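Welcome! Please take a look at the structure below, and then we will walk through it together.

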Amino acid sequence: MKSLKNHISLIIALFTVLASVQIYFAVDRTIAAYETHLKDDYSVIVVSNKTFNPAELKALNSMIDRGEPVSTESVLERLKGEMSQKNIDLLKITLPKFYRLYLNRFPTPKEINQLQKKLEQHPAIERVEGFTQTHDTVYKLMLLFKDVVQIFSIAIAAVTSLLILKEMRLWQFQHAERMSIMALFGAPVWLRSAVLFRLAIVDAIIATLILCLAFFLIDYNGFLTSQLKTIGITVQLFNFVNDALRSLAIALGISIILTFTIVLFQREEE
C-alpha cells in the first residue's frame, strides 16, 4: 500500500509537469491562431491623392499582402438628400482615394509604427491610419497572457521536479537493503539502481497515458473548443501523435535524469 502511494505521488507529480507544459503549448498554439485571425481582420487605411492599382499598393512595403480601394459610394449616397447632384459630382472629383491595406502577418506595435511612417513618406499619400491604440492594447494583452502562462508553467515544473526528486529518494530508502546486498556481491551501481529506473520509466508512461486521457476527455467534451470558436478560433489543443510523443519524451527525460541524480548522490555518499 505504501509503495502504491509512492507510485501515485510520482505519477501525479509527472502528470502535473506534463499538463503545465501541454497547457503552455496549447496557449501558444491558440495565440498563434488568434494572431492569424487578427491578421485577417486587421488593415491599415490609406488616404491618397492618386489612384493606385493592386500591384502598386503591394509594392509600397514588403509587409503588405494586398490592397483594395474603399468605396465612397455609400457616403455619397447619404449626401444626396442634403446636396445637389452638381455638388456631389464635384465632390466625387475632389474627394481623395481611400485604400485598405492587408498585411502578410500580424505586426508588432514597432512594425506598425515603422510601416505608418514609411507610407507617410510617399508623396501621393496624405494620411495613414494604423489604429495603433487598439492594436497595441490587443497585442500587449496577448503577450502578457502568454508570459504569465510561461512563468506559471516553469514554476510548476521546477517545484514538481523537486517533489519527484524527493519521491525517488524515498524509493531509494525502500530498496536500500536489496541494493546493499547486491553491492556486497559486487554488482555495479547501474545494476543496483535498475529497480529505480524501471519504476521511474513505468510511472512516466502511466503519467503520459493519463495526460492523453485527460485531453481526450477535454476534446470530447468540446467546451473549450466551442469557447474558442465564439471568438473565431479553431485550434487543436492536443495532438494525439506529436503532443503525446513529446510528453512521453519529457516524462522519461525527467524521470531518468532525476534517477541518475539520485544514483550519483549515492555514489558520492559511498
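## The chain as a whole

Two residues are in contact here when they have heavy atoms within 4.5 Å. In this predicted model, 84% of the contacts between residues at least 6 apart in sequence join residues at least 24 apart.

The protein chain holds 11 helices and four strands. Of its 270 residues, 36% are buried. The accessible surface comes to about 16400 Å², and carbon and sulfur atoms account for 64% of that.

## The largest pocket

At least two residues each come from α1, α6, α9 and α10. By type, the lining has 14 nonpolar residues, one polar residue and no charged ones.

## Aromatic pairs

Seven aromatic pairs turn up in the whole structure. One of them joins F197 and F260 edge-to-face, with 5.1 Å from centre to centre and 65 degrees between the planes. Because F197 lies in helix α9 and F260 in helix α11, this pair ties together parts 63 residues apart in sequence. F197 is buried, at 16% relative accessibility, whereas F260 is partly exposed at 46%.

F216 and F240 also form an edge-to-face pair, with ring centres 6.4 Å apart and planes at 75 degrees. F216 sits in helix α9 and F240 in the loop between α10 and α11, 24 residues apart. These two residues belong to one aromatic cluster together with F215, Y220 and F238.

Key:
Residues numbered from 1 in each chain as written. Predicted model: local features only at pLDDT ≥ 70, side-chain atom pairs only at ≥ 80, totals over all residues. Heavy atoms only, no water. Nonpolar A, V, L, I, M, F, W, Y, C, P; charged D, E, K, R; others polar. Buried < 20%, exposed > 50% of the residue type's maximum accessible area, 1.4 Å probe, protein only. Areas by Shrake-Rupley, 256 points an atom, 1.4 Å probe, with all protein chains shown as cover. Phe/Tyr/Trp six-rings, centres within 6.5 Å; stacked < 30°, edge-to-face > 60°.
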